[in-house]
Amino acid sequence: MSFLDSHLVNAIIFLPLLFAGIAALLPGLEKGQIRVTALVGMLCTLLLTLFLYLRFAPGGPEFQFEYRARWIDSLGISFHTGVDGLAVSLMLLTGFLGPLVVLASWRFIDQRVKEFHLALLLLQTAMLGTFASLDLVLFYIFWEAMLIPMYFIIGIWGSEERQRAAIKFILFTLAGSLLMLVAILTLFFISQPAGARSFDYAQIYNSLIGATRELARCTNSEAPGACASLSPLAINLRTYGPLMFLAFAIAFAVKVPMFPVHTWLPDAHVQAPAAGSIILAGVMLKMGTFGFWRYAIPYFPVAAREYRGLFGALAIVGIVYGALMCLAQRDVKRLIAYSSVSHLGFCMLGMFALTAEGASGSAYQMLNHGVSTGALFLLFGMLYERRHVRLLSDYGGIAKVMPWFSALFLIIAFSSIAVPGTNGFVGEFLVLLGTFKSSLPLLFGVVAATGVVLAAAYMLWMVQRVFFGPLTHPENLKLNDLRARELATALPFIALALGMGLLPQPFLERLAPSSSLFVARASIGMPGSQTSDQEIQIKVLELPSATSSQRAAPPTGDREPMTLPAGKYLVLPNPGQKPR
Amino acid sequence: MVPIQHYLWLAAVLFCTGMFGVLVRRNALVVFMCIELMLNAANLTFLAFARQRADNLGHVSAFFVIAVAAAEAAIGLAIVIAVFRSRGTLNIDEIRTMKH
Amino acid sequence: MAFSECLSQASLADCLQRFFATAPVDPAGMAQSLWLIIALPLAGAVVNGVFGKALGRSNTNLIACAAVAGSFLLSVLAFWTLNDPQAVLSSAYRRDPIPYAIGEDFGTWFAAGTFRAGFGLDVDHLSATMLLVVTGVSLLIHIYSTSYMGHDEGYWRYFAYLNLFVAMMLILVMADNLVLLFVGWEGVGLCSYLLIGFWYDDSAKAWAGRKAFVVNRIGDFGFLVGMMLLVLWVGALELQSRGTVAQPSADPWRVALLRSGPLNFRGLEEASRRIAPETSQITGAIPLDATIAQGPLAGFSFGSVLTAILLLFLLGAAGKSAQLPLYVWLPDAMAGPTPVSALIHAATMVTAGVYLFSRVSYLLVLSPTAMAAVALVGALTALWTALIAFAQNDIKKVLAYSTISQLGFMFMAVGLGIFWAAILHLVTHAFFKACLFLGAGSVMHGNAEETDIKKLGGLRKEMPWTWATFLIASIAISGFLIPLSGFFSKDAILHGVHSSALKGYAWVSPTVWEIGLVSAFCTAFYIGRLYLLTFEGKRAPDARVPHAHEADWVMRLPLVILAALSVLGIFYGIPLIHTSAGWETVMENFLSPVFVTARQLTRLFGTVKVEHEGSLLAAWAETWVIALAGGGLAGFLYLKYFPSPHRAPLPAERTVLHWARHKFYVDELYELLIVKPVRLASFVLYKVVDTLLIDTIAVRGTAWVTARLGSLLRYLQTGDTQSYAAVMVLALLGWAAYALFQVLR
């Protein structure tokens, strides 16, 4: 791999950090300069990410553009980054949202501009790093690093009850993450023999494959003696596997968010500024689904299958419950937040269907949700900038005074409802097809499909209350339609919503190999799945050899006696000698 | 020779007296004195065992303890003086600013 | 050979026949340019939507009409091309090419796993008929709208939406697979939403649009689930029939399934050919009642799953074509501009359900249960809405209910396997219903937007053109006195229904036929009532304007053309073609290549048995008498209506009228049974589960418990150094005691 290839991902991850450094040096009162710096940084990141995306070869090896360097050898931690199909798509999404978020906050954020943009850039680095890391500790570091800037964004630049929402957000997600940390450490100790332990994603996975097969054979067969001769690793996996899976799953479920750990999301979204909401809905919620896809399910397929019905049911509940919640809301942002819960329910359902269509649909839905819900928050943010109120009853008849804005909002609303021709339809269709094709009961698919009716109901109700009808409030009469900057920010979303709906194949092509490997890994040992170890093993770079500057650790055992410099020393009597 | 148990009993009595004083007395200076008493009891124990084992290790340890006691007394008395200057009292019961 | 050359060698008739049987353009080239038919209105929509306001009224009108006119011309070309013997479609699913069809696969839309949906267009005689109807009627309505919406502010929005609608409908009609059809299906629903709520300042009108979309979505839910089950069904069929074929890999159907996706119409047609009746064993086919062995559908039989799929499709079609129980959106949709009602809710969108069933006719005839359901739904809807139409006073509402009723007729025909009659009625209905709606629009235009027919009257002299065309269209729909196109199409349905019998559901066809006759009577009655109250008699005393003014020529032209087409449509409904099977109507003959497989399967399975009971002439006479009776009763009751009815209504009449006027309270029933419970559920779930249980008790509860625990533990921090020391001493003593204890053991 060329120098460019191996360092591209690192460049992408740390470029926002570099620009954060530059922005930190600027004087705090130079708001324009800071904004421009942030925008330039984000744009450069986007360009590099786009370059990465286009260079990613769908038919090539699973993980491309890898980089690995020694970091903390004694603990088995290496700095290992690389991307597969899903990761590169999500990184593109993150890169895409970056500059648009900066543009969206151009006029809205006026206090402490420097700190805000620093937070945005740091957040960008953390998010990109999470997607690209192939080492568990590195993943965890970036994962936790995401929380701090987001906490500040919500807590400082948010609305009336921002502090409470920020604290709720961080404590909720932190609680889940701590469980994940315990699971990571357990995995570290269990999966590999002493002396060869590392936190590397691929190494842990490869060492678990054999044990997983044994365990699958044990749980699938009804013969009494099948579980007698399990290797120690398989025994450990049997006892602790479900617990570790649940630990990972809870951490990611909080992030998704799944019912019933979703209540932080409405508060966080309502109180966050528009930029915060866009990033939160656009990328951070995908961390949860990404975590399931990359870590929770492949590591513990047997446990995942055990809990498949539960999580599938929770996903369905999320779809219907989220939609029903939307119908009861009076606050627009809260409504959009609950619609997120509903959409990501589809995502999780597609994943737990464990079929190729469902997995592809789930991955595609991750991208779709980022675009359409991000756009909803963006557009509503523009309205909020003008009026600073969020209740449905404060609006009404907006289409009369802001026709262009209404048109764009309607297009995005249709994308959210999954009207064919928009991106939402492709994702939802594939998810539903995958659910029907899977071994989950048919009822799951039918209930999930009612989500489309409810989505139309609540979204059009919101559109009606806000945009149509007579103009009831005099304050709404003076609203200006979209400015050039706002139009420039919104158009990429519209273009993607329509483009991804009409030409999804380029995106699906990159996701397809990732989906098929995911399904193969998740169905190890399921009756009817024949995948060899060769197919599902993860092949990554080896650790680079120790360089000359690092001395090998001294062997434990007897040490060489230290030689003291010559000279006179006080001679102590030996123990045991009688004193004179 | 004096049997070692005498020394140990003496040291124990001194230690308990000192501990009792630390826990009960109200005057900060008296508390310090009792701490010194406890430290000296420890010293006595060290020396007794050193004598019994015919070892120098106990003596060396005693020296350590004396040095540390001296340093601790110096700093402690400095704190007591600072507290007295700001509060006007050395009654421990009245110095409770670390209460919740 | 050139036309002039031909004349020198053969007779005029022969040359004309040869001329029209030769495509003007190369069929292959035509197939590749089919996408233009959709692209033109789509481009028109985008241009008008984005730049319409800047371009000005006349430019917008021109672009919109030109786009649809271009589509119409291309449709005519496509139609013409189909008659060429060289126009064949080589489908990947079959070995032999399909005659009288052209099509092209324009690439993959999306594909995952073993599923694929492509951008493919497929035009056969059925699609070509629909193409002509859609583009032709749309063109006339576009022209009409230029004058009708001449004073509206949002004209550019209107034409953008209208063009978009046409594009979506064309996608629906030309799609070669169910997923692309679904695009058009939802797309027309979307445009319907936009156009019904066009005057969005009015909450009620905007709400009507929303109601239409949501009710349609309920149908779409059924359609979607049906599609999914169909994918599973085809997969199971392929898997289970693999064992009966010698070389599965050489079977083009199986190969194409993997490469081109399972929901292609030609593929589904091939699949239906691989189903055998219960008793016989055909090589390479699976019996209909065979049980599905593996997969999510395991345990069910192929036949029962297919019935379920078709019933779900029925739900979808009921949503789109406004049948029971999902018809409630159509009358409210009259809130939109009248040309919209004419186009969408009379001629094109609502016919999508009928088109869908005609497209999958080969699947429908495999399930007598589904056919019975379709026929019964159609019949009941026809009667129910005809009864509601009796008592409506809004001119557009009467026509709306009339549309639903006529669609019921089409469903009746489809349900009993007489697809060509349904399509014929679809075409004639498009003409006369559009004419009626446009006429209503003209009436509204000339009477200051008055829609209450009780406040109209005597327009015969004041609006002669509107009167004449409305009269012709009314006669066409009711079949009163002069049999025009509607008479023949409706009678084709009734005669066909009467002489068919469904297997296992023998009671269905007589029931449906009788209901059909009663509905025909009602049709004549309410149309007669509508016509008489609007145009005859004296002007109502509380009319808005003293004198109505006739519409301008731009609005009159489409009316005239549509009225003419309502008359000319006769020729499609009269048996003029003699074939080996007897005398066939032109439409039946024209559509026969499309329904070949359906006919074969019907014969093979014996789903529908045709028993000719009585001659065609007798059936015509019967229907004519019924129409005469209905029209006569209307005339008797309403001819002398204004200034006041000649007798007061009886109490029984009054209650019936009351119920009918309030649409039998169906909307209120739905509100009570569905809307309110969903709202209540959502409210309760929000307040109880989310806010109370999860947020307050679980989340804030955890925080509260933590805080209280902290307060309790704080009491350890006494600030008293000596108590800290005491604790240390106690711990030390405890440890010493433990160590001592361990040593002494």
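Predicted model: local features only at pLDDT ≥ 70, side-chain atom pairs only at ≥ 80, totals over all residues.

Colleague: What percentage of the residues of chain A count as buried?

Modeller: Chain A has 580 residues, and for that number a compact globule would have a radius of gyration near 25 Å, which agrees with the 26 Å of chain A. Along its principal axes the C-alpha trace of this chain spans about 105 × 70 × 50 Å. With the cut-off of under 20% relative accessible area, the share of the residues of chain A that count as buried is 63%.

Colleague: How many helices and strands are there in chain A, and what share of its contacts with a separation of 6 or more comes from residues 24 or more positions apart?

Modeller: As for elements, chain A holds 21 helices and 2 strands. When we take the contacts in chain A with a separation of 6 or more, the share that comes from residues 24 or more positions apart is 80%.

Colleague: Is A:Ala353 buried or exposed, and which residues does it touch beyond four places in sequence?

Modeller: A:Ala353 belongs to helix H13 of chain A, which covers residues 332–353. Its relative accessibility is 1%, and because the limit for a buried residue is under 20%, A:Ala353 counts as buried. If we set aside residues up to four places away in sequence, the residues that A:Ala353 touches are A:Arg308, A:Gly434, A:Thr435, A:Ser438 and A:Leu440.

Colleague: Which residue forms a salt bridge with A:Arg55, and where do the two partners sit?

Modeller: Side chains of opposite charge can pair when their charged atoms come close. The closest N and O atoms of the salt bridge between A:Arg55 and A:Asp5 are 3.5 Å apart. This pair links distant parts of the chain, 50 residues apart, with A:Arg55 in helix H2 (residues 31–55) of chain A and A:Asp5 in helix H1 (residues 3–25) of chain A.

Colleague: How much area do chain A and chain C bury between them?

Modeller: The contact draws on 59 residues from chain A and 50 residues from chain C. In chain A, the residues that lose the most area to chain C are A:Phe429, A:Phe436 and A:Gln464, together 12% of what that side buries. Of the area that the two chains bury between them, 72% is on carbon and sulfur atoms, and its total is about 4900 Å².

Colleague: Which residues form the salt bridge across the interface of chain A and chain C, and which helix gives the largest share of the chain A side?

Modeller: The rule finds 1 salt bridge across this interface, and its partners are A:Lys400 and C:Asp201, with the closest N and O atoms 3.5 Å apart. It also finds 14 residue pairs in polar contact there. On the side of chain A that touches chain C, the largest share, 13 residues, comes from helix H18 (residues 442–467) of chain A.

Colleague: Where in chain C is C:Arg266 found, and is it buried or exposed?

Modeller: C:Arg266 forms a salt bridge with C:Asp124, and the closest N and O atoms are 3.7 Å apart. The pair links distant parts of the chain, 142 residues apart, since C:Arg266 is in helix H11 (residues 265–273) of chain C and C:Asp124 is in strand E4 (residues 115–124) of chain C. As for accessibility, both C:Arg266 and C:Asp124 are buried.

Colleague: What separates C:Arg273 and C:Glu270 along helix H11 of chain C?

Modeller: The side chains of C:Arg273 and C:Glu270 meet in a salt bridge, 2.9 Å from N to O. C:Arg273 counts as partly exposed at 33% relative accessibility, while C:Glu270 counts as buried at 9%. Because they are 3 residues apart in helix H11 of chain C, the separation of C:Arg273 and C:Glu270 is about one helical turn.

Technical notes. Residues numbered from 1 in each chain as written. Chains lettered and ligands numbered in written order. Heavy atoms only, no water. Contact = heavy atoms within 4.5 Å. Buried area = accessible area lost by both parts, 1.4 Å probe. Salt bridge = Lys/Arg side-chain N within 4 Å of Asp/Glu carboxyl O. Polar contact = N/O pair within 3.5 Å; in protein donor to acceptor, adjacent residues only side chain to side chain. Helix = DSSP H or I, 4+ residues; strand = E, 2+ residues; numbered from the N terminus. Rg over C-alpha atoms; globule rule 2.2 N^0.38 Å. Buried < 20%, exposed > 50% of the residue type's maximum accessible area, 1.4 Å probe, protein only.
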